[in-house]
Amino acid sequence: MKFSNGYWRMRDGVHPLYPMQVRDVTVEPAALTVYAPTKKILSRGDTLNQPLITVRCTSPAPNVIAVRIAHLLGERPRRPEFRLGVDPSTPVRTDDGADHATLTSGALTARFHRGDNWCLDFVADDRVLTSSGYKGMAALDTDRGPYVREQLRLGVGETVYGLGERFGPVVKNGQTVDIWQEDGGTSSEHAYKNVPFYLTTAGYGVFVNHPGNVSFEVGSEAVSKVSFSVAGQSMEYLVIYGPTPREILRRYTALTGRPALPPAWSFGLWLSTSFTTSYDEETVHGFVDGMAARDLPLSVFHFDCFWMREFHWSDFEWDPKVFPDPVGMLKRLRERDLRICVWINPYVAQRSALFAEGMAHGYLVRTASGDVWQWDQWQAGMALVDFTNPDARRWYADKLRALLEMGVDAFKTDFGERIPIDVVWFDGSDPERMHNHYTQIYNRLVFDLLREHRGEGEAVLFARSATAGGQQFPVHWGGDSESTFESMAETLRGGLSLAMSGFGYWSHDIGGFEGKPDPALFKRWVPFGLLSTHSRLHGSQSYRVPWDFDQEAVDVLRLFTRLKARLMPYLFGQALVAHLEGMPVLRPLVAEFPDDPAVPYLDRQYLLGDSLLVAPVFDADGAVSYYVPEGTWTDLLTGAEITGPRWVRESVGFDRVPLLVRPGTVLPLGAVSDRPDYPYADGVTLAVHQLPDGAEVQVSIPALDGTEAARFTVTRTGSTLTATRLSGDPLPWQVQPTPLTAPHQVPAHENRWTGTC
């Protein structure tokens, strides 16, 4: 939100109060409170009729400092609040010296300058990361009510990332970003997943601890600053020191929650009925038969909205006209080794039997007059389940539990963005805060039910909306894209932005959602979809089975589905890193190479885990341009070596996508190519790529439950490679040079192998 009118003036109706100097300081063992009048105090009389800004610093975790800015302290507490993983034993040092008042946590210090000029610096390793200077921090009286704002300095060349899944440029500099859930597709400034957190290339991140509307001006209102503001008399933000993006994300997700580990089967191919298409059980089995006949591995079948009757969403009852025997149908699908996902949402149409039931028991959100809140958008007369009511949560969960007992494995938790603010919540929650936070309660409820019913490690959603902390309940997909190359590119930008907001896993609709992709677009989108953590064929008004496009589309889908299955020992290992450390699997190159000046603005390529670089092709004829960082990288599909740093331009067929292996990588490749869930250590191949002389690399092979199935060490001495199994059952395995498509495999002793590079 913009308050100023250029450098000198404020906008009409805006009256700011700025802290002008440190007047007094209270030092506690684990907190520092600074009292700052809004004009300089020259005599006792200046303290009269004088507003005071109170700034309190604490530390919820090492290398994290929370700053609470308040004007008037009498506001009542408001719900909901983010659940943060606070460590009360965090060591903190405080000091009130002649020149500075400081609070230090780990390597990070908040330093208030004493003297005539207001300044709050954040310092780490003898370097000022950012500062709040003169007229930066403010309490503002406006025609729309009171606000609190902070402005933090941006250094020269410093770039900003995050703020949720946003589909514009991945670098947020120059943008105005409002943290406000909207159902807006992938082609606008709106976002389904809004997260009040950003990180920068200067080595720090900022999390605004407010679940409602937070407005960010990222080098826009003031071009050398990031401004953020909330309505009310107070605001808290947390500065998180890295210095690397990996460390920033690790610390941020430790606060807001690490992603759960999705089941291995969920990494396989998902096939959907699509949205408004005509389908019944015969259609479903026709799709499944068609995939099997064409040797296309399939892991999950998804039933979209019309598995329920029209005008009844949601009542969680199968439409008897098209699915007269749902129990039998699900049994028949499961006998084909398929998992089942069904679409749900938190809305209750007036025609649903659940409407009268929910209304009678007080389970639906109400207006101030006591009526059930309703409107006709999406579903006629629909209401909204009040998840702040514990009884309503149990009621909703019981409806879903019946589906799980019927044979459903997962839920697509759609919507959760269109949440009204002219309502009253059961627990008294503030409507402005609940607008964004509703999705957190919704997805947590469904995920916890799946975990309770299916067991730890078996729960997975396909969720659209999220906010800070939503990464705990994977996975999320990118929402309603169009079937165009432009939308394919904006979809990737959304995924990269979400990754820099702490989300470990992500998916999107292969081929786009709205419209029917032409064959070329579909075939270019397939490798992008299969080289994401989760992969789904889904559309709006048309099917996404590959034979609807051409035979080559079938071949391309087969190639990349099988490639992903072979990559599962690596991908599932990277999923474990996301689960344990908070580092997203799919991420922009700047997350791994922050010191490379060529990578900050790259948003048409990405890293898939630590060691694979993917450059999707956004051109029907195969033209692609991508950047290769320093070192000699290897194309996994062809064996070609590319030495960076350099830009590469080439043209590739539909059976190719630039997929480069990072130098020094020992890539574990599975022996199975027709399913994602198998014993990864059995027959594993270790692909050694540009291992430098004298190097030693340890490779952990995960088991399906997330434990370690085997561990190997690979060393190079001169031209000799030595591979040793350190743990796990003795099983045959191989060491393989590149390329994947023409492997040269050397049989090895079951526990040790030595050979020539």
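The points below cover the cavities and then the strand.

The model is predicted. Two cavities of 30 Å³ or more are counted, and strand β37 (residues 665-669) is mostly covered.

**Largest cavity**
- The largest cavity holds about 60 Å³ of space.
- Its lining is made up of Phe-267, Gly-268, Leu-269, Pro-297, Leu-298, Ser-299, Leu-530, Thr-561, Lys-564, Ala-565, Arg-675 and Pro-676.
- Helix α9 (residues 551-566) supplies the largest share of this lining, three residues.
- By class, the lining of the largest cavity has seven nonpolar, three polar and two charged residues.

**Second largest cavity**
- About 30 Å³ of space lies in the second largest cavity.
- The residues lining the second largest cavity are Gly-495, Leu-498, Ala-499, Phe-503, Gly-504, Tyr-505, Trp-506, Pro-584 and Leu-586.
- Three residues come from helix α7 (residues 485-499), the largest share of the lining of the second largest cavity.
- Seven residues of this lining are nonpolar and two are polar, with no charged residue.

**Strand β37**
- Five of the five residues of β37 are buried.
- In a regular strand, side chains alternate between the two faces of the sheet.
- In β37, Thr-665, Leu-667 and Leu-669 point one way, while Val-666 and Pro-668 point the other way.
- The residues on both sides of β37 are buried.
- β37 runs antiparallel to strand β38 (residues 685-689), and five bridges join the two.
- Across this pairing, Leu-669 is opposite Thr-685 in β38.

How values were computed:
Residues are numbered from 1 along each chain as its sequence is written. This is a predicted model: local features need pLDDT of at least 70, side-chain atom pairs count only at pLDDT 80 or more; totals for chains, interfaces and linings use all residues. Side-chain values use heavy atoms; hydrogens and water are left out. Buried means under 20% relative accessible area, exposed over 50%, partly exposed in between (1.4 Å probe, protein chains only). Helices (H or I, at least four residues) and strands (E, at least two) are DSSP runs, numbered from the N terminus. Two strands pair if DSSP finds at least two bridges between them. On a 1 Å grid over the protein atoms alone, a cavity is a set of points where a 1.4 Å probe fits but cannot get out, and a pocket is an open set with protein on both sides within 12 Å along at least five of seven lines; lining residues have an atom within 4 Å of a point. Grid points are joined across faces, edges and corners, and a volume is the space filled by probe spheres set on the points. Ala, Val, Leu, Ile, Met, Phe, Trp, Tyr, Cys and Pro count as nonpolar, Asp, Glu, Lys and Arg as charged, and the others, Gly among them, as polar.
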